[in-house]
Number of protein chains: 2
Amino acid sequence: MKLSNGVEWALHCCVTLGQSQNPVSAARLAKLHGIPPAYLAKHLQALSQAGILHSTPGPVGGYALTRPPARISALDVVRAIDGPEPTFRCTEIRKRGPLALPPEECMNACAVSRAMATADAAWRAALEGVTIADLTQDIDADSSGTAMSGVREWLAGAG
Amino acid sequence: MKLSNGVEWALHCCVTLGQSQNPVSAARLAKLHGIPPAYLAKHLQALSQAGILHSTPGPVGGYALTRPPARISALDVVRAIDGPEPTFRCTEIRKRGPLALPPEECMNACAVSRAMATADAAWRAALEGVTIADLTQDIDADSSGTAMSGVREWLAGAG
DNA sequence: GGAACAATACTCGGATAGGCCATGTCCGAGTTTACCCGG
DNA sequence: CCGGGTAAACTCGGACATGGCCTATCCGAGTATTGTTCC
């Protein structure tokens, strides 16, 4: 099980976009983070379709957050990039083989599926408790308050 | 992010093996669950290498649990099948781009990586809290106590 | 009858193809900007 | 000098190749059984 690394890019991009009042193009975001522009565009597209970002075309267009960073959770970003499907997909082993259960006894999920779903819920709850604003604050704290000001300065400049 | 469905098979097989005092071959486990025998063998091999199962060759050989079901957690099975790597792999975006941080400021993990690691820890903790014995009991409860006795009967028979 | 030996059948183990999704890239549709021309 | 029109440049959006991992499978190495043969 490996999480798409696009999630990491998307989270960093959301943190960056929270520092800008104007839209920022995919090309500039890619240059700032040192990642492939075309591929990042694909993920930003997904964030736009999920309603997290708002895209504006044109020369001064780009992407901007639709909500304040405090109202965007890491789970929102993960679901937008990686898809809403749960990590575990039950294939209903109960209904196969010589001891297959009849469908009327399979109304509720099997115990294995329930255990995996519980773990998945715990994972999602942890992600839901972290917002883009939290990440921004933590990153700033790690750099003694210089990281975000540097980002704002870079965004204001020509790049 | 999708979890290998081999995890589901491995969990069910561990529950089944907990009901048998004698080794059970991969072919019989596959037939009981209605899954491809050769592919299941690959996963059972992984469980054997992880120290969860003990394999005995020969005509009456097969796989058996190395520990009581109460001492085998779902996390052990997941790690054996899916690998020990965490779901999120930080690519150190901080060190890339025009605002790259110097390595001496990257001693601790970045905030994004920490948040994902926390969620991963929650997921693993939930899996670690569930044992094969718990799953066995839950499955039996779902079927009003008939599932495990049926499995034991089938294993005792010719199959 | 008992024991040793050889043949056998069954088991696991690793090495080997195929399919699907994530990765990486590209070009076209749409829009804002800037410039140029006319009044 | 000012307004309208046009051309251009820049943006996003979806469609198009490529690689790696999961899926699926096979055959060879090793061992307990079993039958046979000899003492």
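Chain A and chain B share two salt bridges, and everything here comes from a predicted model.

**Exercise 1.** Work out what the side of chain A that touches chain B is built from.

*Solution.* Start with the head count: 47 residues of chain A touch 48 residues of chain B. Putting the two together buries about 4,400 Å², with carbon and sulfur atoms giving 69%. On the chain A side, A:Met1, A:Glu8 and A:Ile93 lose the most area, together 18% of what that side buries.

Now go to the polar side of things. One salt bridge joins the side chains of A:Arg114 and B:Asp142, at 3.1 Å from N to O.

Top contributor is α5(A), with 11 residues. Sorted by class, the side has 28 nonpolar, eight polar and 11 charged residues.

**Exercise 2.** Find how α1(A) is oriented against α6(A), and who makes the contact.

*Solution.* Their axes lie 9 Å apart, at an angle of about 80°. That falls within 65 to 115 degrees, so α1(A) is roughly perpendicular to α6(A). A:Leu11, A:Cys14 and A:Val15 of α1(A) meet A:Ile132, A:Leu135, A:Thr136 and A:Ile139 of α6(A). The tally is six nonpolar, one polar and no charged.

**Exercise 3.** Do likewise for α1(B) and α3(B).

*Solution.* These axes come within 10 Å and cross at roughly 70°, so α1(B) is roughly perpendicular to α3(B). Among the contact residues are B:Trp9 and B:Leu44. By class, the contact has eight nonpolar, two polar and no charged residues.

Technical notes
Residues numbered from 1 in each chain as written. Chains lettered and ligands numbered in written order. Heavy atoms only, no water. Axes fitted to C-alpha atoms, helices over the stretch in contact; angles between N-to-C directions. Helix = DSSP H or I, 4+ residues; strand = E, 2+ residues; numbered from the N terminus. Parallel < 35°, antiparallel > 145°, perpendicular 65-115°, else oblique. Contact = heavy atoms within 4.5 Å. Nonpolar A, V, L, I, M, F, W, Y, C, P; charged D, E, K, R; others polar. Buried area = accessible area lost by both parts, 1.4 Å probe. Salt bridge = Lys/Arg side-chain N within 4 Å of Asp/Glu carboxyl O.
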